[in-house]
Amino acid sequence: MTDPSETELAAALQAGEREALASLFDRHADRIFGHCFRLTGDRADAEDATATTFLEVWSHHRRVQVHEESALPWLYGVATNVCRNLTRKRRRHLQAVARVPRESSAPDHAESVAERLDEEKRMRLVLDAIERLPQRERDVLSLVAWSGLSYEQAAAALDIPVGIEPD
Amino acid sequence: MNDDLTPPDVSLDPAAKARIRQQVLAGVQEPATERRWLVPAGAVAAVALIALVSTVVASGGDNMPELAPAGPATVTTTDEPTNEPTTEPTTDEPTTDPEPANAPAALETACRPELGIEKAEEVLTFSDDLGSAAFYSDGTRWQLCSVHGDIVTVQADETIARPSRFDSVEPYQVSTDTVVAADGTLRTSFTAGGVLYSDRDEYLSIVYTFPGGVTVPAELAEGRDGAAYWAMDYTPTDGPLADPKVNQTKLPEIEVEISYEGGFVQGFPLEWGIDTCAQVNHGC
């Protein structure tokens, strides 16, 4: 039996089928995580944002869009908005008495911990370097140069309102 | 591109992926067509039903209780009113009570002179066995008024459209009324409420935890003005807060916890006397 196409998955998701969400997660969670990491510079934040992205997808399942036979641009769009808001929320929460529940995963070995810290440090340097770019240009850079989307896919992704938090 | 501007190639390790997958799928247990902002679990909704002994109405196609819009339509109460929260879900079916103890008209009469907003209209009401409360709005500002016994309490009026105090304890401060109940005992009511400033779909719950461990989830509902409101009203009947000899300020602080979709949790302790005196028309 062949795997369902993204168009079929999108239709199933629009119909409220939970399995469709699970399939999309299995297919794209890694890429969404990578995108979120490149936007936040923090693995834990990226994990939170990945979970939030797919919960947002479920909340707005009727609005799922397929672009060139792929739901990925739409997912990237949702993730971009989620990460932006995550950063904003993080700032807010740090100002207050806030905490983000985060289940601890398996214990890390020192080597992998060091590796992860190095990754985060490198990513923060990159983010610092592009900090002066307008938000929109940073988003395009992230989607096109780092995540490999075409300009058309990036345009589709950035035109997605889902996950935007009203000011 | 300079190598220094090349992001590291990171991957989601299988354990983390499995955990996130579990988180996501656990968060979508309920049908996607249901509104998710009210309260996440039926049991919690049942607790809220008991806790507030509210004038609740069944919302169309939605199994969750809602605060009743102001007015005489389909007002229901539980069979045996009690405002003591419990962790046990109830199966009690609401029964119609055409003349609730705290009629909207009485509430209106008591609250109107205290309101700071001209031409404000009642947009949402709720009640327990000791009192009633209502949100009033003129479409741009809102104000919460509660009546416990013969004490009328209003909190400061606030804007609907723009959050003025979103990331602090202030929106979650409670007003405190001490009244003589019908059995002659002194009882203290704690009331809080406000507008859900952000997209209400983000909110999962607002829960107060009182000394003694009693948790009271706020009701989240839409007013007739279209704004989304939350409200919490609690009158302890036992435990330290029901004992008039106990100095409240020596007790642990009330805590409020706001949960959002995606796992965000925001929490604030309420400092006695500072955050428990939200009323603006009388002392504490």
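Residues are classed as buried when their relative accessible area falls under 20%. By this criterion, the buried residues of helix α6 of chain A in the present predicted model are A:Asp139, A:Ser142, A:Leu143, A:Val144 and A:Trp146. The helix comprises the twelve residues 135–146 of chain A. Just after α6(A), a positive phi of about 80 degrees is adopted by A:Gly148.

The mean pLDDT of chain A is 79, and 80% of the residues score at least 70. Among the elements of chain A, the highest mean pLDDT, 94, belongs to helix α2 (residues 18–40), whereas the lowest, 31, belongs to strand β1 (residues 98–99). Over residues 91–108 of chain A, pLDDT stays under 50; for this segment the model has 29 contacts beyond four places in sequence.

In chain B, B:Val174 occupies the loop between β9 (158–159) and β10 (175–180). The relative accessible area of B:Val174 is 0%, which means that this residue is buried, the cut-off being under 20%. With residues up to four places away in sequence not counted, B:Val174 touches B:Gln155, B:Phe190, B:Thr191, B:Ala192, B:Tyr208, B:Met232, B:Ile254, B:Leu270, B:Asp275, B:Thr276, B:Cys277 and B:Ala278.

Methods:
Residues numbered from 1 in each chain as written. Chains lettered and ligands numbered in written order. Predicted model: local features only at pLDDT ≥ 70, side-chain atom pairs only at ≥ 80, totals over all residues. Heavy atoms only, no water. pLDDT = per-residue confidence, 0-100. Helix = DSSP H or I, 4+ residues; strand = E, 2+ residues; numbered from the N terminus. Contact = heavy atoms within 4.5 Å. Buried < 20%, exposed > 50% of the residue type's maximum accessible area, 1.4 Å probe, protein only. Expected span 1.5 Å × (residues − 1).
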